[in-house]
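Good morning, and thank you for coming.

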Amino acid sequence: MSMAAGLPARLAASGDPRPAARIVHLGLGAFFRAFGCTYLSEIGGWGVTGVSFRSSKVRDALAPQDFVYTASERGPAGIRTQAIEVVRDILVAPENPQAVLAALCAPQTEIVTLTITEKGYCHDPATRQLNLSHPDILHDLAHTEPRSAPGYLVRGLAQRRAAGLAPFTVLSCDNLPNNGELVRRIILDLAKQIDPELSDWIDRHGAFPSSMVDRIVPATTDADIRFIEKTSGVHDAAPVHHEPFRQWVIEKHFLSDRPAFEDVGVQMVDDVRPFEDMKLRMLNGAHSALSYLGILAGHNTVSAAVADPLMERYLRGLWTYEIMPTLQAPANTNLCDYAEQLLNRFANPGIEHRTDQIAIDGSQKIPQRLLDTIDDRLAMGRPVNRLLLAVAGWIRYTKGCNDAGDQHEVDDPLQDRLSRAHTKRPDQTVRNFLSIREVFEPAISRQIEAQLIEIYSGLCRKGAKKMLAQIER
């Protein structure tokens, strides 16, 4: 009998046999529940133990309903819902670190997946190296009970080695270029600090396939919960909703057994980089540009932003003239068609993807979403006006108010430094931002300083809409 059997007004397991947990997912939030878990639900046979590093909110909401929840697909054609039953448990790391380590060391654990966001890797985004001065890493070097995701991975692998077990495959699902190699480097570096022989063992026997994930998943609101209850008659305390589109591309490098991903449309490839670059630059880069400039212009959602003719024209120019020329299209992919598909997805009336949700952690996102593209454009000797307008939009956004003077909260791990970087002089503000080495490398700072000052000064003086109207090829 399920835990929720006595709660007929709540969502409960169907009663059919549920798969054992063979995957541990670090950072189980709305995205992976609406993306990876929907694939696993279709494949069958692979349960998930989720891990939260911050709050018990999702665990507390889902535990009374046997960790079953509703995934609601929302698109122009209407709404489709399904019950997802692959999550078997959710552990809250700060409450019980040993339970998380036990899950990682369990013999049946074959794969550890991650959606911990850019800052969860405890690295320097500009250099892609482990930040050994990060407070969580300092803690993990001094204690056997970890605090960071890299710390849990390293200690979990150490326990498997001591128990004579093979490593698990580590599969990053975060929007980071070459995410498999990144997490491999971070784990090896941290392991080397703890035990060089452990680092060598992981290097010889571990597997870190890169992957590209794509599905727009807005944060769940109270209104979403009420909608599910009204339409289904069942109360679900933690549903998720998502667009119809999904794409998962994974490198073919696993240690042992794995889900039959290809049976449900996952693309298993030898090299994920063309897909990563296309998605990071065209979708995520455009999302960041839309979020910062959209917030300044008073647009609360992505769909509202792209409905603004100035924003749509800017976006088309950003893709056509500045982003697409830096990309090698994946096989059988037309970048112009991909751009049109993105525009239609952004305009989806069923998805209210808030610009302030995308704007979170900008200092961690800007390097791979915008600065890498700017660097390639500069190497080609080509203009970067639209890209720099997005960077200027981010700088202006971190001041905490839009063009109309309305205040907004800025959520960023470097926010204290970003706030101090603002001055009454736009030129000095830009120079202060360009000196933040966690975001801007010295070489690119020198190249873009004069033009970024000009664009940022215009943005402060004229506002986002006038700058969008004036931006040219």
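Let us begin with the largest cavity, whose lining consists of Asp-174, Asn-175, Leu-176, Asn-179, Ser-211, Met-212, Val-213, Glu-276, Lys-279 and Leu-280. Please keep in mind that this is a predicted model, in which local features need pLDDT of at least 70 and side-chain atom pairs count only at pLDDT 80 or more, while totals for chains, interfaces and linings use all residues. Residues are numbered from 1 along each chain as its sequence is written, and side-chain values use heavy atoms, with hydrogens and water left out.

How are such spaces found? Rolling a probe the size of a water molecule over the atoms shows where empty space is left. On a 1 Å grid over the protein atoms alone, a cavity is a set of points where a 1.4 Å probe fits but cannot get out; a pocket is an open set with protein on both sides within 12 Å along at least five of seven lines; and lining residues have an atom within 4 Å of a point. Grid points are joined across faces, edges and corners, and a volume is the space filled by probe spheres set on the points.

By this rule there are 2 cavities of 30 Å³ or more. The largest cavity has a volume of about 50 Å³. Strand S10 (211-214) and helix H10 each give at least two residues to its lining; helices (H or I, at least four residues) and strands (E, at least two) are DSSP runs, numbered from the N terminus. That lining has 4 nonpolar, 3 polar and 3 charged residues. Here Ala, Val, Leu, Ile, Met, Phe, Trp, Tyr, Cys and Pro count as nonpolar, Asp, Glu, Lys and Arg as charged, and the others, Gly among them, as polar.

The second largest cavity holds about 40 Å³ of space. Its lining includes Ile-216, His-287, Val-302 and Arg-345, and helix H11 (302-307) and helix H13 (335-346) each supply at least two of the lining residues.

We turn now to an open space. The second largest pocket has a volume of about 390 Å³. Of its 21 lining residues, those closest to the centre are Ala-126, Pro-367, Leu-371, Asp-372 and Glu-441. H10, H15 and helix H19 (442-462) are the elements that give two or more residues to this lining, which divides into 10 nonpolar, 3 polar and 8 charged residues.

How do H10 and H15 cross? The axes of H10 (residues 273-297) and H15 (residues 362-380) come within 10 Å and cross at roughly 120°. Axes are lines fitted to C-alpha atoms, for helices over the stretch in contact, and angles run from 0 to 180 degrees between N-to-C directions. H10 is therefore oblique to H15: angles under 35 degrees count as roughly parallel, over 145 as roughly antiparallel, 65 to 115 as roughly perpendicular and the rest as oblique. Contact means heavy atoms within 4.5 Å, and among the residues that make this one are Leu-280 of H10 and Asp-372 of H15.

Finally, H19 also packs with helix H16 (residues 385-397), at an angle of about 60° and with the axes 9 Å apart. These two helices are therefore oblique to each other. Their contact has 11 nonpolar, 3 polar and 1 charged residues.
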